Structure formats: structure tokens, C-alpha cells
Amino acid sequence: MLYMLIREYRPQQVFEMAPNRGFSSHWILQALHKNDDTSTLHSFDIHDRSVKHMANKFRQRWKFTLGDYAKLYDENKLDMQQFDFIFIDALHESDFARGYCQRLLSKHKHPSTIVAIHDIVADEQGGGRESSEVYKYLALANNARHHKFTMSPNVMPNLLYTSQRDMIVPKLNKLRARLLGIVKPCKEAKLINVMIIMEEPDLVS
């Protein structure tokens with residue numbers, strides 16, 4: 001899904017927190033590589049494990065910053081207004097989520113920015129992890145619209161939902177192996193993580 005979002009919206013400056021070992025980074029960069037020759041991924045993390053795993057063909061369009069995003073932001077060393085796609089997959093705790101909602105999202109003014117937050121819930125009611133803080137932001141924010149959730153069948157809060165995973169997952173595995181060349185087909189995971197996607201409105205008056 002992350003790959004498809006990047007391909008669809010064709011962002012030029014992508015913000016990623018935090019890449020860990022760089023799996024999502026490679027998906028983003030592969031999509032950017034397919035889109036054009038100018039777009040860039042900016043990844044921020046408190047450790048640099050992703051650096052040694054980064055494919056050489058992507059290094060020229062990947063900018064990695066080692067450090068705490070909150071400290072960088074509070075010291076005016078992180079300009080979020082340059083980014084037109086924001087991907088967050090970091091510490092899944094309420095206090096941390098409250099921080100990134102206040103710093104990165106509530107004050108963001110770049111028109112039509114896509115925001116994707118990965119793995120925000122932990123129970124069948126759609127709660128746990130950082131979900132409550134993200135829900136509060138969405139309820140009160142005046143710069144977010146078009147909220148979309150992708151839910152794991154294992155935590156889908158809808159008794160009418162019928163899982164299509166036995167049909168869809170094998171097809172996705174074949175597509176990503178044949179077309180993307182990033183990973184080989186893998187066995188189905190027991191839990192497909194949740195992502196929330198939102199779009200910030202065009203604020204030009």
C-alpha cells in the first residue's frame with residue numbers, strides 16, 4: 001500500500017520516521033525511482049541501522065538524519081513544510097504520538113500533503129498503542145481530511161467483514177516479486193498491520 005500511495009500521489013519530498021532497518025524505505029524509494037528523477041526520501045531515526053542495509057542504487061536520492069526528530073524540530077532544525085508526504089512508523093505509545101501530532105501534523109501547512117501512520121491500533125475495538133492520540137488529532141484538527149483506515153482482518157472491528165486474505169495475499173506476493181523486484185514472495189503473516197491515511201487540504205485562499 002505504501003508503494004501504491006507513492007506511485008499514485010507522486011510526492012517530491014517524503015518524510016519518514018523511523019526507518020529502523022530500511023524495509024519501508026526501500027518500498028518508498030522504489031516508488032520514487034519509478035515516478036521520476038527528482039524526488040527524495042528524508043529518513044529520520046535515533047539509530048543508523050538502516051544505513052548499512054540501503055541499496056546502492058537508491059543512496060543518491062536518500063537523505064538520512066541521525067537524531068531525535070523532536071529535538072531537531074524544537075531547535076528549528078527540521079522544516080516540515082517542505083514535505084508533501086509524511087510516513088510515521090515509530091514508537092507506538094500515546095505520549096510519543098501526542099508529540100508528533102502536535103509538532104509534525106497540527107502545524108503542517110503544505111497543501112495536499114498525504115500522511116500515513118502505520119500500526120496504530122492493538123485491539124479489536126480499534127484502540128491501544130497510539131490510536132487515542134491520533135483519533136483526537138483527527139477529531140479536532142482543521143488541516144486533515146479524507147481519513148482512511150486499513151485494518152488487519154485479525155483486528156477488524158466489523159463483524160460483517162469477510163476476509164479476502166487467502167485470495168489477495170498470494171496475488172500481492174506475486175506482484176511485488178515480479179514487478180517490483182524488491183522481495184521474494186513471502187509466507188502470509190499472522191497479523192497484517194494497520195495504517196491510517198489522511199490528506200491535508202489545500203490551504204491556499
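This is a short tour of the chain, stop by stop, for use with the viewer open.

**Before you start.** The model is predicted, so local features need pLDDT of at least 70 and side-chain atom pairs count only at pLDDT 80 or more, while totals for chains, interfaces and linings use all residues. Residues are numbered from 1 along each chain as its sequence is written, and side-chain values use heavy atoms, leaving out hydrogens and water.

**Whole chain.** Show the cartoon. There are 7 helices and 7 strands. Helices (H or I, at least four residues) and strands (E, at least two) are DSSP runs, numbered from the N terminus. Their order is α-β-α-β-α-β-α-β-α-β-α-β-α-β. Of the 205 residues, 45% are buried. Buried means under 20% relative accessible area, exposed over 50%, and partly exposed in between (1.4 Å probe, protein chains only). Take the contacts (heavy atoms within 4.5 Å) between residues at least 6 apart in sequence: 72% of them join residues at least 24 apart.

Stop 1: Select Met17 and Ala18. The peptide bond joining them is cis, with omega near -5°. Ala18 sits in the loop between β1 (13–17) and α2 (23–35). Now pick Asn20, in the loop between β1 and α2. Its phi is positive, about 55°, although Asn20 is not a glycine. Most residues other than glycine have a negative phi, and most peptide bonds are trans. Asn20 is partly exposed, at 35% relative accessibility.

Stop 2: Go to Asp119, between β5 (114–118) and α6 (131–140). Here too phi is positive, near 65°. Asp119 is buried, with a relative accessible area of 10%.

**Stop 3: salt bridges.** The count is 7 salt bridges, each a side-chain nitrogen of Lys or Arg within 4 Å of a carboxyl oxygen of Asp or Glu.

- Select Arg61 and Asp36. Their side chains form a salt bridge at 3.2 Å, N to O. Arg61 lies in the loop between α3 (49–53) and β3 (62–66) and Asp36 in the loop between α2 and β2 (40–45), so the pair ties together parts 25 residues apart in sequence. Both Arg61 and Asp36 are buried.
- Next, Arg103 and Asp74: 3.0 Å, N to O. This pair links helix α5 (residues 94–105), which holds Arg103, to helix α4 (residues 69–74), which holds Asp74, 29 residues apart. Arg103 is partly exposed at 23%; Asp74 is partly exposed at 47%.
- Then Glu75 and Lys77, at 3.3 Å, N to O. Glu75 is partly exposed at 38%, and Lys77 is exposed at 59%.
- Finish on Asp95, Arg98, Glu133 and Lys136, linked in a network of salt bridges.
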